[in-house]
Amino acid sequence: MRKVLVSMLLVLAVSSCAFGAAFKLGGTAPLTGGAAIYGMAAMRGAQIAVDEINAMGGDVKFELRYEDDTHDAEKAVNAYNALKDWGMQLSLGSVTSKPCEATAAENFADRIFALTPSASSAAVTEGKDNVFQMCFVDPNQGTASAQYIGGKGFAKKVAVIWKNDDVYSKGIRDTFVETAPKFGLEVVSETTFADGNDNDFSVQLTEAQTNGAELVFLPMYYQPASLILAQAKAMDYAPKWFGVDGMDGILTMEGFDKSLAEGVMLLTPFNSDATDARTKNFVAEYQKRHGEIPNQFAADGYDCVYAYCQALTQAKATADMSAEELCAKMIEQFTTMTFNGVTGENVRWAANGEVTKDPKGMVIKDGAYVGLD
Amino acid sequence: MIFLNYFISGISLGSIYAIIALGYTMVYGIAKMLNFAHGDVIMVGAYVCFYAVSRYEFPPFVGVILAMFVCTVLGMLVERLAYKPLRQAPSLAVLITAIGMSYFLQNTALLLWSSNPKVFPSIVGRGAFKLFEGKLSVSHITALTISACVVIMIVLSLFISKTRLGKAMRACSEDKGAAQLMGINVNATISLTFAIGSGLAAVAGALLCSAYPTLMPTTGALPGIKAFTAAVFGGIGSIPGAFLGGLMLGVIEIFAKAYISSQLSDAVVFAVLIIVLLVKPAGLLGKQAQEKV
C-alpha cells in the first residue's frame, strides 16, 4: 500500500513538474540609461505576450527574465552571463545594436538560440547560424527608405545627417546613399555628428539648406533628432523630414513640443493605428498596463515571444530540453516557417537570420502616428 | 553671409563652453584641483531648474535662483565629504576622487530622474534678434549667455582682486601653509570657492539646456570635458582666459565642421589645442607656473 502511495505521489510530482515547466526565456536590454525607452518597451511587449500565452494554457509556457545592460556592450555580456546562470534556454538577445553584437557572439559560442526584437545592425547576425532578428537589418532600412522616398516621389534632392560613431546610423546611411540614385534621388549634402559634438546642428542644417535639399533623411535615434527639428525651426528651414525606427519615441519625450515633429515621416514595421484584431488587442492591453501607446520596440518584443511560441509548438519541443537541443530545432523552424504578427504579415527569415517583411510608412500628424499608405 | 552665420553659431556654442569653463577655472585657480564633477553639478542645476519651471510652474528666474541655491549646497557638500579629507593627499588621488564623484552624481541622477530625455523649457523663449533684414540671426539665449559670461567674468575678477575674501582666496592659491599662518581660514576659503563655482554651474546648466534643450543625466558630462578643454586653452586659472578659450573653442569647432569636415571637427579642435599648448604651454592667457596635475 505504501509503495503504491509513494509511486502515486511520484507520478503526481513528475506530471505536475512537466505541466508547470516553462521555457526559460532571457534577454538583456537598457532598462536604465539613455536608451531605456527602447529597452522598457521591448520588455513590456514581451511580458504581455508571455502572460497571454501562459494564460491560454497550451503546451508552451514561458518564464521571462530581463537583465539591464544600460546600452553598454560590456554590461550586456555580464547580464547575459547572469541569465545563463539562471538557466536560460532561449534568448531574446539584446534590444540595442552595440550590446547585441557582444551578446550574439556569446549566444553563438554557447549554442543558445537568440531572436532579438530590435538590434538591427548587420554584425548582430553575421556569421552566426543561431541568431535571428525580428526587426529589419540596418542596411535594409536604408534601402527601404530610399525606395519609399523615391517611389512616392517625396523629393529629388535629399540631405543626410548621420551619427558617425554609431553602427546603427552608419549602417543605414551606407545603403541609403548607395541605393538613392537607383530611385531617382540625389544626395546633395551629407554631414555627421558624434558624441560630444551633438548639441549644435547649425552647420549641418545650413549645408542642407544651401544645397537645396527638399528632404532631410535622419538615420538616428530621436534625442538628437529632436534638437535638429528645433534648430531647423529656429532658422526657418522647413524641409520634409524622414526618419527610421529610432525616431520612434520622439513624441513621448517629456516637455517635447509636438508641433516640431508635425509632418515627420518614418519607416517602421509597426502601426499602432492598424485595425486588425491582433494589433488592436495588443495596443489595448499595453495601454491598459502602461498608459501609453506601444511603440515599435514593444511590438517587436511581443512578436518575438509569439514567434518562439509558434516555432516551439511546431517543433514539439518541451521545456526539459537543453538549450543546445532547442537551438538546433529553432534554427530548423525559423528558416522554414512563416509568421504573422503585429509587425507584419508573412514574416520569413533567411538562413543568415535576416527578416523579410513589408515596411510601413508613418507620418506624425497632430501629435500622433498615422499610417502613410 | 553664411560665414557670419557660422561665426555666430560658433559664438553661441562657445559662450556655453565659456560659462562652464569659468567654473572650472575658478576652482582650479584657487583650490588647485580639477573638479571633474563640475559638469555633473551643471546637470543637477539643470534638473532643479527643469522641475521648478516645468512641473511647479515657477517663473524661470525663480527656477535659476533655486538651482543656484541647490547647487551651492551640493558643491559645498561634495567638497566637504569628498575633497576635504584629501587635502594633504597627492593631487592624483584628488583627481580620481573627482572622477568618482562625477560618476556618483550621474548615477544618482539616473535613479532619481530616470534616463528618459526631457525637453528643457528655454528660460528666455526661443526668439532671435534679426539683423540685416533677417539674414543674420542671434538667438536671445546666445545674447543672454554672452552677457552673463561678461558680467560673471567682471564680477569674479573684481571679487578676487578687490575684496578681503578674494585676497584670502589668492593667498590660499599661492601657498596654503603660509596663508594659514597669516590667520586665513583655508578650509572655509576653499569651501567658499566651491560654493561660488557650483552656483555658477547652476547658471551654466540653465543656459546650456536653454540653448540645447535635451536634458539627461549625462547632459553635463561631455560639455564639461569640452569646457575643461576651453579652460586649458585659455590658460587654466585665468578667468578672462576661460572666456576667451570657450569662445574660440566654439568658433573653431563650428568652422572645422563647416569648412573642413563634419567628421573631423573634434580632431581639428584638439589639434589646435595641441598646437597652442606647444607654443604657449600655460594656455593663451595663463601665467607660467608649476602645474600640479
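Modeller: Helices here are DSSP runs of H or I with at least four residues, strands are runs of E with at least two, and both are numbered from the N terminus. The expected span of a helix is 1.5 Å times one less than its number of residues. This is a predicted model, in which local features need pLDDT of at least 70 and side-chain atom pairs count only at pLDDT 80 or more, while totals for chains, interfaces and linings use all residues. Residues are numbered from 1 along each chain as its sequence is written, chains are lettered from A and ligands numbered from 1 in the order in which they are written, and side-chain values use heavy atoms, with hydrogens and water left out.

Biologist: How many residues has α12 of chain A, and what does it reach from its first C-alpha to its last?

Modeller: Helix α12(A), residues 323-336, has 14 residues and reaches 20 Å, close to the 20 Å expected at 1.5 Å a residue.

Biologist: Which of its residues are buried?

Modeller: Buried means under 20% relative accessible area, exposed over 50%, and partly exposed in between, with a 1.4 Å probe and protein chains only. In α12(A) the buried residues are Ala323(A), Leu326(A), Cys327(A), Met330(A), Ile331(A), Gln333(A) and Phe334(A). They pack against β1, β3, β4, β5, α11 and β12 of chain A, where contact means heavy atoms within 4.5 Å.

Biologist: What about Lys316(A): where does it lie, and is it buried or exposed?

Modeller: Lys316(A) lies in the loop between α11 and α12 of chain A, and it is exposed, with a relative accessible area of 67%. Its phi is near 50°, a positive value in a residue other than glycine.

Biologist: What does the domain assignment of chain A give?

Modeller: It gives domain 1 (2-136 + 276-356) and domain 2 (139-268); such bounds come from an automatic or database domain assignment. The contact takes 15 residues from domain 1 of chain A and 15 residues from domain 2 of chain A. Taken over C-alpha atoms, the domain centres are separated by 32 Å.

Biologist: Turning to chain B, at what angle do α6 and α8 pack?

Modeller: Helices α6(B), residues 164-174, and α8(B), residues 186-211, pack at about 105°, with their axes 10 Å apart. Axes are lines fitted to C-alpha atoms, for helices over the stretch in contact, and angles run from 0 to 180 degrees between N-to-C directions. The two helices are therefore roughly perpendicular to each other, a term for angles of 65 to 115 degrees; under 35 counts as roughly parallel, over 145 as roughly antiparallel and the rest as oblique.

Biologist: Which residues meet there?

Modeller: Leu165(B), Ala168(B), Met169(B) and Cys172(B) in α6(B) meet Val186(B), Thr189(B), Leu192(B), Thr193(B) and Ile196(B) in α8(B). These contact residues divide into 7 nonpolar, 2 polar and no charged. Ala, Val, Leu, Ile, Met, Phe, Trp, Tyr, Cys and Pro count as nonpolar, Asp, Glu, Lys and Arg as charged, and the others, Gly among them, as polar.

Biologist: And how many residues of α9(B) are buried?

Modeller: In α9(B), 10 of the 14 residues are buried, so the helix is largely enclosed by the rest of the structure. Among them are Lys226(B), Phe228(B) and Phe233(B). The buried residues pack against α1, α2, α8, α10 and α11 of chain B.

Biologist: What follows α9(B)?

Modeller: Gly235(B) follows α9(B), and its phi is positive, near 105°.
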